[in-house]
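Please open the model in your viewer and keep the selection panel at hand.

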Amino acid sequence: PFSPQTDSIMFTARRKIVKRKGEEPDAFEESVATALFEMETNATDLKAEMRELMINGATELEFPGQASKAIVVSVPFPLLRNFHKVQSKVVRELEKKFSRSHVVIVANRRIVRREQKSGRSLKQPRPRSRTLTAVHESILEDLVYPTEIIGKRTRVRMDGSKLIKVHLDRKEQNNLENKLETLSSVYKHLTGKDVVFEFPAEG
């Protein structure tokens, strides 16, 4: 049973997660929100930044043949830059809390479908940032942040399927190399597209 103190923490932590109207966070999402609230409370160097941060959801994923799970934390797009300021510390603390898991932070973006021509006048053109392609490109950047993507190419396989090869800046290789397989699986889960991340040899 929960103690009054635990109940109080969980109630306060609920302000760290904002769901769509009528939706309630599940137990795992509440555990991530509680971890963020504890960071805000206990880490004096993060308190000011963490106070403004909240998430929209969190999902724990397991992939066959991979030892590490993935935790995908979705955050409101307007708060993404704020998360970036403390992302390394937040990810490190969450990965301590949820052992054997790789944590990624992805902004909640809305895809606007292409306007269909009809007898009625067309509405204003959709912003490029809301197209399927642009959103998928942004997800790639979210997954590897703060590592910079320095190149990208698409290879068409013999069966017609496509594989995206993403080249990453080697400066972050030591921090990211052990997560590349997980990141590829997360991207496939989120977009349905195959991707491999590489650190190209220098020279």
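Helices (H or I, at least four residues) and strands (E, at least two) are DSSP runs, numbered from the N terminus. The model is predicted, so local features need pLDDT of at least 70 and side-chain atom pairs count only at pLDDT 80 or more, whereas totals for chains, interfaces and linings use all residues. Residues are numbered from 1 along each chain as its sequence is written, and side-chain values use heavy atoms, with hydrogens and water left out.

Of its 203 residues, 40% are buried, that is, under 20% relative accessible area with a 1.4 Å probe, protein chains only.

Next, select Val32, Leu36, Met50, Ile55, Val73, Val90 and Leu94, the residues with the most contacts inside the largest nonpolar core, which has 27 residues. Such a core is a set of buried Ala, Val, Leu, Ile, Met, Phe, Trp, Tyr and Cys residues joined through side-chain atoms within 4.5 Å. Helix H2 (27-42), strand S2 (69-76), helix H4 (80-97) and strand S3 (101-108) each contribute at least two residues to this core. Another core, of 22 residues, lies apart from it and includes Ala70, Val104, Val186 and Tyr187.

Finally, select Lys179, in the loop between helix H6 (173-176) and helix H7 (180-191). Is Lys179 buried or exposed? Lys179 counts as buried because its relative accessibility is 13%. Leaving aside residues up to four places away in sequence, Lys179 touches Val91, Glu95, His102 and Val103, a contact being heavy atoms within 4.5 Å.

Note on methods
Buried < 20%, exposed > 50% of the residue type's maximum accessible area, 1.4 Å probe, protein only.
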